[in-house]
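This briefing sets out the chain contacts and the charged side-chain pairs of the structure shown below. Points are grouped by topic.

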Amino acid sequence: MSNVMLEVRELTTKYITRFRENIYAVDHVSLKVEEGKSLGIAGESGCGKSTLALSLMGYYFPPLHYTSGEIIIDGHNISGMNPDDVRRSILGTEIAYIPQAAMNALNPTQKIINFIEDVIEAHNPVATKKEIFDIAKGLFEALGLPVDVLQKYPVELSGGMKQRTVIAISVILSPQVLIADEPSSALDVTSQKMVIKMLRNLMDKGYIKAMIFITHELPLLYNVTDDIMVMYAGQIVEKASSKDAVFDPLHPYSKGLMGSIIVPESGLRNVKLTAIPGVPPNLKKPPSGCRFAARCKYVRPECKTLSIPLREVAGGRTYRCILSEEELRELYAWEARKKNE
Amino acid sequence: MKGYRKYFLNKLLWFLITLVTAFILNFILPRLMPGDPVASIVSRLAQGMSNTTGVQAIYQQYSDLFGTNKPMLEQFWLYMRNVFRGDFGFSFSQYPRTVADVIKSSVWWTVILQFPAIIVGWLIGNTLGALAAYRKGSFDKVLMPVSIFISNLPAFGMAIILLVIFGVSLKWFPTSGGYGFDLIPNASWKFVWSVIVHYQLPFWSVVLITIGGQAIGMRSMAIYELNADYVKYSRFMGIKDRKIVGYVFRNAMLPQITGLALSIGTMVGGALVAEIIFSYPGLGSTILTAVLGQDYPLISATTLIITIMVLAANFLIEIIYGVLDPRIKAAQAD
Amino acid sequence: MKHTLQQVFHSGKFVTGFSIFVAILLIVIIYPLIITDPPLRIIGQGTFFEPGIYVNVYDSISSPHYTLNLDDAAAKRIASKLGEDDRIAIKDWLVAVGIPESEIDTTDTAKLLDQWVNNYDPATRISGMTNATRNYYIRLNNSLKGLLSTDGVSIAVANPETAVLEETSTIVQSDYVNVNQVANVRVLPLGTDNFGRDVLTELVEATRVSLQIGFVAGVIATLIGLTLGLLSGYVGGFVDDIIMFITNLFTVIPSFVLLILISFSIGQDRRGPVTIAIVIGFTSWVWTTRAVRSQVISLRNRDHVNLSKLSGHSLVHIIVTDIFPYIASYVVMALILQISSGILVEAGLSILGLGPRTTDVPTLGLMMNWAMIYQAHILGKWWAYFPVIVTIALIAFSMNLMNTGLDQVFNPALRD
């Protein structure tokens, strides 16, 4: 049994809007990432996956607020810690974050090295500029980034270079866990590949011990992560190994999500494109019963009223549906036959 | 340093272009207009004028100085030459004073009143706006409506309100003039004190007006910056809030400086009208006298001086901006 | 569209601004239907009559008289005639003749007069008092005697034949008339101005004219700005370079200075409100151009625009159907700001004496100009200028609120 690097138990967080409404964007989410493993989180935009990324940091600022649940990083439960301690001893050093729009993640009026100085000084006030420069230089060299980037302003870097710089800065305090929120979505294909390669490199070389990778592009996950978790309307609807989640999804939403993506991967090339009709529910008033019911092809009357728990099946997979594994497989097979006729 | 020099030269070139354009406009606009004050000067000369010979002499002198009956291009060169010599002829309405003399006695009042007031107002306004964005809550709820209301008040409105409250009702400050009407400008303490006392109301009315607009601008810039991605990222890298607020305000302040460069012309325009309310002996009052006296040479020279002042201020702000925004040096170096 | 309007009317700021503006508009439309006097007619002989109800004296004499016995009538009558300076002078005298200061209350008219009557003696000589002051006290005493009299006033008419005055009636101090029965009563809620014109009627008309000036100036500036901004942003390249060069020039060269030069050169006779509006419009388009251009540039490469280009639609078609709808909200906001700034600019120009010519119509700026020239602010005639400033500020405030409200609806980043 390998070490659990990140464990989350029943985490719930909410947004409080200007009109004092509560929006539970992360609703009783539990997950576990073991040492050397990576977990992908997928879902449409607005399903709560980016909020989950923010919530995992254990450091909340308005409009996002912590409600309940626990976050345990490498054995330390950080949920009850005072925010200033979290800032000093957890952020960056235990868990690090790569933001969705890494393009704008760097202060435009600061040289990269000055930002790195601020980052390191926030955790180690006695570090000298010389020491900091040496650390940064060593890291950039090791990761194959040009060292002269350190003396530049963000405007002077290309999009891909900016993204890789952000990734390098994120691991400069040697965190255990890295959370990457769509780090490649705004880049061209070449830069995307470089970023993915860099992230895998970080895992392989042991800069980080576990990673959570969030994206709406499922096939990306198949290449990068060991496991995949699919989110819908703030809840987990399916959790499985990458292979199972992509090739053999159980939950109708995961199934639909796979069907709605153009996939240039071998073996998936002939899958027909079918979008899921409808939009995710408004989380100000989440529907009772299954949250996917309104868009589900296989919906039954009781789906709309019964609250549906996650069920665990063979192979360590879990999914949230009223139908059993067999019933779902039968439905999918029947559907496939109908399509081929 | 090379990057900054390039930026500086760029701005200097731009300053010169705007300056030349301003000269051309100042020369050509009146001559294009249907009322054409220059033509009317010539026609009055041609008619031999029923006025007294003294007045005719002034018109004659003006006509000679600017060659108003010569071809346009030649007039323009004459005009440029005279401008560079500082020779604008006699003032029609304040003969025998020359236009240069009238302007010399009023331009410093305006410079000393307006530029410090605009700078002080800018500083206070930006501080308040930044605080409103950061502290939010009741501070913001009180400051913002007040600022919006003040910034909608024309400068002359603020001037009158201050004048009526502090000058007429409370009698704390004098209501008009740049110094006591019973004094002759000299270096005595009494005179300096009188100038300081007369300075207060015009100064604060310009300051208050400037505060309103700047506070609103700074607040929305700061809110925009506070929501920027780098704020979130810096927080998650464990950087202290105090330091992040420093980033935000520096970044929010930079566009405010550019904004000041762009709007200083409008501000000066408003403040000139405020001068009139206080009968302050600056350029605003000079324009009013010139308009009432149908004094074309004085109007023309005053507007030119104001334009030059505004362009120079604008240039200066751009230069300072280049020093403050590190991206300028970096971006221009490539 | 309907949804957007709904959202707009949910914004508290917009609704507040809109309500103030509509209220001003309604007053401007309805008031002239009720008070039909020409707004610039000179009705008062003299300057700056105070706000109040003006009752015709001639008519009140011939109206039915009623006797009302009110105790404080005499005291009020005297109080209104006895000025602050006189009261202080009386106090000084009383102190000089040895009344303790604690017993003197200058606000208690009845007691003060009582003390005066008991203690004043023209023959008393007070050391250090000049002759002029002595004479002042003698005059004061005589006028107080008149005040204290309880006699009525006789109304006499000259007999047209004999030219002898014949008493027709007597008015006693307890006579009253009912205002409703007096044929001529004129309410001047804001008094009269320096020329003796009814300020309120003038103000309503001035607001109307100023709004028109702002509207014409705003529409012109917005049209120019929109055209240049669209061309510059969408066509790009050389056209963009030229337009931006000109725009940048006119951004730094103060438009106020150009306005002064142009307005002065046009000359007093040709400066009507419309001319001024046009001149303002032609000197204030730069901001709209800049705003529209940057919006268009961000739209230029959107998918739907590219699709339209590929479909071979004409430039005009693309601009009208694919670009304009997306910038319409910005254009409306720009127009609102332009209207409001047009009104302010007219006011500024008029104070400099460069506003519309003065004989036909009032504008808010001209009213300020007149009040300033006649020193209303120094003389304490607040009604001549203060309502004007409030009107200007209210118009600008309401339009700015509408603008901020719209901005919050269309730029959600500012919502917090």
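Two residues are taken to be in contact when they have heavy atoms within 4.5 Å of each other. The model is predicted, and the predictor gives the complex an ipTM of 0.85 and a pTM of 0.78. For chain C, the mean pLDDT is 85, with 98% of its residues at 70 or more.

**Surroundings of A:R295**

- Leaving aside residues up to four places away in sequence, A:R295 touches A:E44, A:Y232, A:I276, A:P277, A:G278, A:V279 and A:P280.
- A:R295 lies in the loop between α9 and β11 of chain A.
- A:R295 counts as buried because its relative accessibility is 8%, and buried means under 20%.
- The side chain of A:R295 is joined to that of A:E44 by a polar contact of 3.0 Å.

**Interface of chain A and chain B**

- Chain A contributes 30 residues to this contact and chain B contributes 20 residues.
- About 2,400 Å² is buried between chain A and chain B, and 67% of this area is on carbon and sulfur atoms.
- A:F61, A:R87 and A:T109 supply 23% of the area that chain A buries against chain B, which is more than any other three residues supply.
- The interface of chain A and chain B contains 1 salt bridge.
- A:D118 and B:K243 form a salt bridge through their side chains, at 3.3 Å from N to O.
- There are 9 residue pairs in polar contact across the interface of chain A and chain B, counting pairs with both residues at pLDDT 80 or more.
- On the side of chain A that touches chain B, the elements giving two or more residues are α3 (112-123) and α5 (159-170) of chain A.
- The largest share of that side, 6 residues, is from α3(A).
- Sorted by class, the side of chain A that touches chain B consists of 19 nonpolar, 7 polar and 4 charged residues.

**Interface of chain C and chain B**

- In this contact, 42 residues come from chain C and 54 residues from chain B.
- Chain C and chain B together bury about 4,400 Å², of which 81% is on carbon and sulfur atoms.
- The residues of chain C that lose the most area to chain B are C:V252, C:L261 and C:F264, together 15% of what that side buries.
- Between chain C and chain B there are 0 salt bridges, and the count of residue pairs in polar contact is 1, with both residues at pLDDT 80 or more.
- Several helices of chain C give two or more residues to the side that touches chain B, including α9 (237-252), α14 (315-351) and α17 (386-410).
- The largest share of the side of chain C that touches chain B, 9 residues, belongs to α10(C).
- That side of chain C is made up of 32 nonpolar, 7 polar and 3 charged residues.

**Salt bridges within chains**

- Side chains of opposite charge can pair when their charged atoms come close.
- Over all chains, the whole structure has 28 salt bridges.
- In chain A, the side chains of A:E335 and A:K297 form a salt bridge at 2.5 Å from N to O.
- This pair links distant parts of the chain, 38 residues apart: A:E335 is in helix α10 (residues 325-340) of chain A, and A:K297 is in the loop between α9 (252-259) and β11 (311-313) of chain A.
- A:E335 counts as buried because its relative accessibility is 15%, whereas A:K297 counts as exposed because its relative accessibility is 60%.
- A network of salt bridges links A:E238, A:D248, A:R317, A:E325 and A:R329.
- In chain B, B:D140 and B:R219 are joined by a side-chain salt bridge at 2.8 Å from N to O.
- B:D140 and B:R219 are both buried.
- A salt bridge also connects B:D241 with B:R235, whose closest N and O atoms are 3.4 Å apart.
- B:D241 is partly exposed, at a relative accessible area of 32%, while B:R235 counts as buried at 17% relative accessibility.

How values were computed. Residues numbered from 1 in each chain as written. Chains lettered and ligands numbered in written order. Heavy atoms only, no water. Buried area = accessible area lost by both parts, 1.4 Å probe. Salt bridge = Lys/Arg side-chain N within 4 Å of Asp/Glu carboxyl O. Polar contact = N/O pair within 3.5 Å; in protein donor to acceptor, adjacent residues only side chain to side chain. Helix = DSSP H or I, 4+ residues; strand = E, 2+ residues; numbered from the N terminus. Nonpolar A, V, L, I, M, F, W, Y, C, P; charged D, E, K, R; others polar. pLDDT = per-residue confidence, 0-100. Buried < 20%, exposed > 50% of the residue type's maximum accessible area, 1.4 Å probe, protein only.
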